[in-house]
Each structure stands twice: as structure tokens, then as C-alpha cells.
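Dear colleague,

Please find below the structure that I am handing over to you. My findings follow directly after it.

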Amino acid sequence: MPDLSRLNPAKPFLPWVLLALGIAAPFALSAYDLNLLARFMAMGILALGLVLIWGHGGILSLGQGVFFGLGGYAIALHMKLADLPQGEIPDFMVWSGRESLPFWWEPFASPAFTIAAILIVPTLVGALFSWAVFHRRVGGTYFALITQALALAFSTLIISRQDVTGGFNGLTDFYSIFGIGLASPGTGSMLYWVTLAILCAAFVGLRWLLASRFGILLRAARDGENRVRFLGYSPTPFKVVAFAIAAMLAGISGALFTLHAGVVSPALIGVVPSIEMVVWVAIGGRYSLAGAIVGALLVNLARDAVSSAFPELWLYLMGALFIFVVTLLPRGLAGLIKGKAA
Amino acid sequence: MDALFLNQLFNGASLASLYLLAALGLALSFGLMRVINMAHGEMLMLGGYLAWMTLLVVPGALGIVLAIPVAFIGAAAMGGLIQSTLIRRLSARPLDTLLATWGVSLILQQAARDLFGAIGVEVRAPDWLTGSFMIAGVTLPSARLFIILIAALVLGGLALLLLKTRIGLLVRAVNQDRMMASAVGIDVKRVDFTVFCLGSGVAGLAGVMLALLGPVTPNVGQSYIIPAFLVVVMGGLGSIVGTTASAIILGLFAALAQIFVDVSVAQMLLLVFVILFIQVRPQGVIAVKSRQLDA
């Protein structure tokens, strides 16, 4: 295997080009296209987390949709409650025959609680889940299979609890966030800037993390877990922290996506979407942060273009992309650009 | 004991048989090659559609008997194709194999949707499989009894093959120590290929069983394959006994949990159970003793 452990210090221009494009976008794009771009950028935040765990940690998660969903549903609960007159419950609950709000919905009326939940719940779930598996030294393929079972269980649970989760249709029809009307002029571009800022912060933070001792040990654990143990480190905390950070990023990504898309539903977070998230990063380049963002944007743009015209073609295309990238281009597009020097 | 409990116990046994048939191939090739074929669920689907097509050509009681070898051979051929064109190239990259074979799975599902329609096709089971027996107030549908019987036969056949034949000897040798087996002149690639075809064939056979229970749809494999993955996780590396034991445990667990909770919660509990199980025995139900550190 070639030396992939170093971050590429040369040619740091790609992130700057992306940033310049990101800043220029609101002045060049229509409101509709800007909203679409903001959605894809929100997904880019999740993709960054996958670079951390999969590219640098060797941990393949086929269940990132779960954390994406936790963030997305958290903000959706808040927006559902915020739009309601005092004492009423969301319409889908009335249709399902419920008369009162479930107790775990109630705290989401508070904006502060909601933001805390978006940040903490996915992180905590990710940390506990990954610790339970990693501390018994179960990893690799086993871990990937367990995360897939998690994605299945989570999405099935949401679908079956129609009366409190909105079921298969998910939650939609949001009108305001933290007192700001979603339809009012300027909100779209403001949310875009927020997303861009969070994406940049995540990028810079992860770049720093990957270059730190933490990053070095994470890569060491990826390449030789037992050797790291012989050197006196326990790899488990490194892997758990990395997984928790990726889960947090996925949660933030889900919350922002829900804001932009105006909907969160099991169709966005189940087994198939969770694996699609991996293909963004596989195509962009699993070792490269900038590559992952580009991958998330490109795959979703392509999906948008192809699936609106030929829905059945998209699955063939995605299947072929998986096979092609993994067999012939394991370092993704980033590997093409950086050539052998990376 | 009440009838509901006994009923679920019986359902659990037939569920366990399906898990076992779906997981055997996965476990065998995972033991040998350390790779999981994510398109394995589509071997079930393929088996189901092949059974349906066989019954179109040969209707009646003979059809279902004929469908079993047809599905076995068809799925084995498809498995062999996937192994020789894709999985062999990705050797030593287990996680990439997972992703590439997931791509295959997507393509096969969509192909089935285009060829046979998204709604699925119905296999009419022959009369001797549609009835049921009543024993001590418990209804035992013949189709489910048939499934348990077939699973037991497959398991017995596989055990004979592994323990009594030359092929089985080679498989066990590669399973124990791949490098050493290769060094003494065993063609490990051929062993890999054979085992992969065999495992896919067994999955195809499981597909025939699924067709007896309900309609064959493009994603029929998906609902059984994820529990089958959990069976592999819990079973222990490449051990047939371990795989069988964990299939039985998980099948019974899933069915019995449904006495108290609905299907979706049972699914969540199944996962929680597996995670709790690996807290106690991370090496699986049966661990093959080895001095290798990175097994």
C-alpha cells in the first residue's frame, strides 16, 4: 500500500478555490439553486466526518444516516412545535388519534435545548455505540455490518411509530426557525452563509485534528492496531472519539439539511441513504477533506440531474460508481488530482 | 405453555432456518477470505425468481422439486461470476469489497425491478405445501416445516462435505491457515471460488424457501440479509457450528420478542442483543483457536 498516512501539505489551493466559489455562489445563483447548493454543502459536513473515521481511522460506518437523522429530527421537532398555537399538537398526531404530545417532544419547544440536542445526542449515541463495539476489539467488517443493522433498526423504528414520528412521510411543513420566517426574503441566503461557515469551521477543525498527534495515532491504529497496542496506546479511545466527532458532524449536517430541504423522513436516513453517504466520500477521496466536500456536491448534483429525468437509471449508475471507484480509483478524485505525490 | 408461545417457538425455528441458509454462504467465505458479499441478499432474490420461472415452465408438484436445483445452480453461477470478476481483484481489502459488492447488489435489484416489475411475483406453492398440521393446539404450516427440513438437510450435507470429502479437507486447511495451505500446494484461489459458489447456491436455495412464504420482490433479500449479517457477526469466524448456533439463537430471539413487542422494536432488540452478546463473547459463539494475532 502506498504511503497515505501523511496529509498532503503541498497544493493547498483547492480548499481556497472551493471557498471562493462558495462565497461567490449567493451572488450568481437563483434562490432555488442556492437552496440546492446549501443542502449539498450540509451533506458535505457529514462527508468530512467520514473522512475522519473511514479514511484516517479505517472505520467503515454504513450507519451515518442514523446520526444525520438524529440531528434532522431534533430540529424538525422544534420547528413543528414552534409553529403551533399554544396547547395544540401537530396535525399528524391528531390524525393518528393522539391527544397529547409525547413527553420527549416537549423540551424541543426550547431553542436552546434543541441546539444542545443536535450537538449532544448524536455525539453521545455515537460514542456509546462505538465504545460498546470497539472496547471488545470488534472492528473492521463486523463493525460495518453492525452499523448497517443500526441504520435498519433506526429507520424501521421511525416508520413504525407513525403517531409520534410522522412515520414514513416524516416531518415537513415548517414555517419558521428561532422566530425567523423560512419563507421571508433573505432567510435563504442567511441560512446559506450559516451552512458555509459551519462547513468551513468543520474543515479547519478536522484539518487541525488530523495533523495533530491524535490524527497520527488514529492512522497508526488503522494501519496496525496491534502494533499500536504494543507501543503502549489503547486504540479504543481514539477510535471512539473519532466516531463521536463524525456522529456529531452528521447530526449538524442533518439539522442543516432539514432546514434547507424542509423535510426529514426515513427515506433520507435508512440503509440505502447511509451507504450513499459513503459513496460521496469514496468518489471525492476518502483521505482528503476537500475531496469529500467535492464528492458530496458532485454526487448529489448528478443525482439531482439524473434521477429527475431517469429515476431508474440512478441506481444502476450508483452501483456502477461504487464498483468503479473502489476497484480502480480507491483514492477517489482527490487521488487523481494529487497524483502520486499525495 | 400457551399456544402463542409454542407458535412463536415454531416460527422462530423456521426463521432460524432461513437465517441459517442465508448466512451459511456468508460465513463460509468470510472464514476463508475475510470478505462479506453485500450482494448475497440478491442471491436469495435470484433464487426466488428462478423458482418462479421454473414453476412457469413446469407447473405443479414437480416444479418446486425442480426449482431447488435450478435456483442452486443459478445462484451459484452468479456468485461465481461476482467472485471471479470483482471480489478476487479486491483481495486483502475487506471494506472495499463490502462497498463494491453493495454496488453489485444495487444493480441486481434494479435489474430485477426492470425485468420483473417492482411489485413482485407470486409463487403458487403446490398443494402438499399449502396445508398445515395441528399439534397440541399449535398450527404448523407445511411450508414452514418444509423449510426447517431443507435447512437441516443442507446443514447435514454441508457437514458431510466439509468433514468427509477431499474438497472439505482443502476448505478446512485454507480456513485454518491460508498461507500454510498455499505453501503446501493447495490452490487457495480455487478453494475460494468453490466455496463462494457453494455459499451463493445455498442462498439461492433459501430464495426458493422465501418464495414459498410470500411474493418475490426485487428487495426480498434485503429483509433477511441484515439479520444474516448479524448471524455472521455473532457466529465466530468461519465456524459452521457457531453460525448454526447463532442463527438458532437469533431466529428464536426475533420470533419470541414479537410476543411482547412489534416487529420494529424486535428488530432493534435483536441488534441490542448482538451488541450485548459481543460484550461477553467478542470472538463469537464458537471461536476457532488460533495463534494468529490478526485473525
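In this predicted model, E225(A), R229(A) and K239(A) are linked in a network of salt bridges. E225(A) takes part in both of the pairs described here, with R229(A) and with K239(A).

In the pair of E225(A) and R229(A), the closest N and O atoms are 3.2 Å apart. Both residues belong to helix α10 of chain A, where they stand four residues apart, about one turn of the helix. E225(A) has a relative accessible area of 23%, so it is classed as partly exposed, whereas under 20% would count as buried. R229(A), with a relative accessible area of 18%, is therefore buried.

The side chain of E225(A) also meets that of K239(A) in a salt bridge, with an N to O distance of 3.0 Å. Because K239(A) lies in helix α11 of chain A and E225(A) in helix α10 of chain A, this pair ties together parts that are 14 residues apart in sequence. K239(A) has a relative accessibility of 8% and so counts as buried.

Helix α11 of chain A deserves a paragraph of its own. How far apart should the ends of its 27 residues be? The helix covers residues 235-261, and at 1.5 Å a residue it should span 39 Å. Its end C-alpha atoms are 38 Å apart in the model, which agrees with that expectation. Of the 27 residues of α11(A), 23 are buried, so the helix is largely enclosed by the rest of the structure. Just after α11(A) comes G262(A), which takes a positive phi of about 75 degrees.

I turn next to the contact between the two chains. Chain A contributes 44 residues to this contact and chain B contributes 42 residues. The size of an interface is often given as the accessible area lost when the parts come together. Here the area buried between chain A and chain B is about 3,900 Å², and carbon and sulfur atoms give 75% of this area. Three residues, Y142(A), L145(A) and Y316(A), supply 17% of the area that chain A buries against chain B, more than any other three residues.

Ten residue pairs are in polar contact between chain A and chain B, counting pairs with both residues at pLDDT 80 or more. On the side of chain A that touches chain B, at least two residues come from each of α5 (111-134), α6 (140-160), α10 (225-230), α12 (271-284) and α14 (311-328). The largest share, 15 residues, comes from α6(A). By class, this side of chain A has 30 nonpolar, ten polar and four charged residues.

How many salt bridges are there between chain A and chain B? The count is two, while the count over all chains comes to eight. One salt bridge between the chains is formed by the side chains of D96(B) and R286(A), at 3.1 Å from N to O. D96(B) lies in helix α4 (residues 94-116) of chain B and R286(A) in the loop between α12 and α13 (289-309) of chain A, so the pair joins two chains. Both D96(B) and R286(A) are buried.

Is S61(A) buried or exposed? S61(A) has 0% relative accessibility, so it counts as buried. It is placed in the loop between α2 (31-56) and α3 (64-82) of chain A. A polar contact of 2.8 Å joins its side chain to that of Q64(A). Leaving aside residues up to four places away in sequence, S61(A) touches L50(A), I53(A), T147(A), F243(A) and V278(A).

D192(B) is found in helix α9 (residues 188-213) of chain B. Its relative accessibility is 5%, so D192(B) also counts as buried. Residues up to four places away in sequence again being left out, D192(B) touches L32(B), M33(B), Q83(B) and R178(B). D192(B) and G80(B) are 112 residues apart in sequence, and their C-alpha atoms are 9.8 Å apart in space.

Yours sincerely

How values were computed:
Residues numbered from 1 in each chain as written. Chains lettered and ligands numbered in written order. Predicted model: local features only at pLDDT ≥ 70, side-chain atom pairs only at ≥ 80, totals over all residues. Heavy atoms only, no water. Expected span 1.5 Å × (residues − 1). Buried < 20%, exposed > 50% of the residue type's maximum accessible area, 1.4 Å probe, protein only. Contact = heavy atoms within 4.5 Å. Buried area = accessible area lost by both parts, 1.4 Å probe. Salt bridge = Lys/Arg side-chain N within 4 Å of Asp/Glu carboxyl O. Polar contact = N/O pair within 3.5 Å; in protein donor to acceptor, adjacent residues only side chain to side chain. Nonpolar A, V, L, I, M, F, W, Y, C, P; charged D, E, K, R; others polar.
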